[in-house]
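This report is meant for a reader who is meeting the structure for the first time. Please look over the sequence and the model below before reading on.

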Amino acid sequence: MYRVYGTAKGSPGDEDWELILETLDAVEATKSVHESEGTFWRRLTEDDQVVLDRV
């Protein structure tokens with residue numbers, strides 16, 4: 001399971017990340033993590049392991 005989280009904070013702590021998307025589709029998750037609308041940073045996880053941090 002892929003999850004994309006976002007935050008509006010410049011220096012976020014673990015509690016500052018909000019779930020934006022949850023999907024089984026790796027392409028959809030990767031596309032979403034590279035969008036920036038409404039967030040300062042985005043993070044991609046796969047099975048609860050961080051794959052891309054602070055994109």
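## Strands, helix and core

Strand 1 is mostly covered, with five of its six residues buried, where buried means under 20% relative accessible area, exposed means over 50% and partly exposed lies in between, for a 1.4 Å probe and protein chains only. The model is a predicted one, in which local features need pLDDT of at least 70 and side-chain atom pairs count only at pLDDT 80 or more, while totals for chains, interfaces and linings use all residues. Residues are numbered from 1 along each chain as its sequence is written, and side-chain values use heavy atoms, with hydrogens and water left out.

Helices (H or I, at least four residues) and strands (E, at least two) are DSSP runs numbered from the N terminus, and two strands are said to pair if DSSP finds at least two bridges between them.

| Pair | Sense | Bridges | Residues standing opposite |
|---|---|---|---|
| Strand 1 and strand 2 | antiparallel | five bridges | Gly 6 and Glu 18 |
| Strand 1 and strand 3 | antiparallel | six bridges | Val 4 and Leu 44 |

Tyr 2, Val 4, Leu 21, Ala 29, Val 33 and Leu 44 make up the largest nonpolar core, a nonpolar core being a set of buried Ala, Val, Leu, Ile, Met, Phe, Trp, Tyr and Cys residues joined through side-chain atoms within 4.5 Å. Strand 1 (2–7) and helix 1 (26–33) each supply at least two residues of this core. Once its neighbours within four places in sequence are left aside, Leu 21 is in contact (heavy atoms within 4.5 Å) with residues including Tyr 2, Val 4 and Ala 29.

Which residues of helix 1 are buried? They are Ala 29, Ser 32 and Val 33, and because they cover an arc of only 95° around the axis, they lie on the same side of helix 1; the arc is that of the directions from the helix axis to the C-beta atoms. On the other side of helix 1, Val 27 and Lys 31 are exposed. The buried residues of helix 1 pack against strand 1, strand 2 (18–23), strand 3 (41–46) and strand 4 (49–52). At the start of helix 1, the backbone nitrogen of Val 27 has a side-chain oxygen of Asp 25 within 2.9 Å.

Note on methods
Polar contact = N/O pair within 3.5 Å; in protein donor to acceptor, adjacent residues only side chain to side chain.
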